[in-house]
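Let's take a walk through this model together, starting with the whole chain and then stopping at a few residues along the way. Keep the structure open beside you as you read.

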Amino acid sequence: MREISLADVPGLVGHELGISDWIIVDQTMIDQFADATLDHQFIHVDPVRAAESPFGGTIAHGFLTLSLLSAMNFGGVPKIREQTMGINYGFDKIRFMSPVKCGARVRGRFVLSDCRFRGAGMLMTTYEVSVEIENEKKPALTANWITIVQFDPKDRPEGV
């Protein structure tokens, strides 16, 4: 995994910082997510009934696909050397573009679109993220993801 310096982050705005490895979304994952969220809609958990749908089988919950971004980020985006903790601040403009069919492979693509130093030891970052589906033209989802990087104030770059 690559590392970058906190001082390098502002210069990376507008650049793609990483692409995650592929993750297989199988029926076990979908069923476990359904159990965790109490969302047992047939299109997700009933392969026989879902086979008669326009999708031809079960599909992942949109929120399951969204939740995979944490793992995708960890595996695909460089670690900031001085970071002591990362905080999920939220999302803007989430769009579910295409269904993720059971058995599909997905990966995350991360473009740093903004960063701002806040307080003595925080950096707010915004990523334009997309979750790609292998061999599909349209992504599963797109969103603007806002995170906070916490660091020791002594590590704050000069001039920011």
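Of the 160 residues in the protein, 39% are buried, where buried means under 20% relative accessible area, exposed means over 50%, and partly exposed is in between (1.4 Å probe, protein chains only). Before going further, note that this is a predicted model: local features need pLDDT of at least 70, side-chain atom pairs count only at pLDDT 80 or more, and totals for chains, interfaces and linings use all residues. Residues are numbered from 1 along each chain as its sequence is written, and side-chain values use heavy atoms, with hydrogens and water left out.

Now for the overall layout. The protein has 5 helices and 8 strands; these are DSSP runs numbered from the N terminus, with helices being H or I of at least four residues and strands being E of at least two. Reading from the N terminus, the order is β-β-β-α-α-α-α-α-β-β-β-β-β. The largest pocket has a volume of about 470 Å³. Here is how that is worked out: on a 1 Å grid over the protein atoms alone, a pocket is an open set of points with protein on both sides within 12 Å along at least five of seven lines, and lining residues have an atom within 4 Å of a point. Grid points are joined across faces, edges and corners, and the volume is the space filled by probe spheres set on the points. The largest pocket is lined by 18 residues, and N73, F74, P78, Q83 and G86 are the closest to its centre. At least two lining residues come from each of α5 (69-76), β4 (79-80), β5 (83-96), β7 and β8 (141-151). By type, the lining has 10 nonpolar, 7 polar and 1 charged, counting Ala, Val, Leu, Ile, Met, Phe, Trp, Tyr, Cys and Pro as nonpolar, Asp, Glu, Lys and Arg as charged, and the others, Gly among them, as polar.

Strand β7 deserves a stop of its own. E132 sits in β7, which spans residues 122-133, and E132 counts as buried because its relative accessibility is 17%. What does the side chain of E132 make polar contacts with? One partner is the side chain of R107, at 2.7 Å, and another is the side chain of R109, at 2.5 Å. (A polar contact is a pair of N or O atoms within 3.5 Å; within protein, one must be able to donate a hydrogen and the other to accept it, and residues adjacent in sequence count only if both atoms are side-chain atoms.) Leaving aside neighbours within four places in sequence, E132 is in contact with W22, R105, V106, R107, R109 and P139.

S130 is also found in β7, and at 14% relative accessibility S130 is buried. Setting aside neighbours within four places, S130 contacts R107, G108, R109, P139, L141 and T142.

For a look at a helix, go to H44 in α2 (residues 42-45). H44 is buried, with a relative accessible area of 7%. Not counting residues up to four places away in sequence, H44 touches Q27, I30, D31, D39, T58, I59, A60 and H61.

Last, the cysteines. C102 is partly exposed at 34%, whereas C115 is buried at 13%. With a disulfide taken as a pair of cysteine sulfur atoms within 2.5 Å, the count comes to 0 disulfides.

Terms used. Contact = heavy atoms within 4.5 Å. 1 Å grid on protein atoms, 1.4 Å probe; cavity = no way out; pocket = protein on both sides within 12 Å on 5 of 7 lines; lining within 4 Å.
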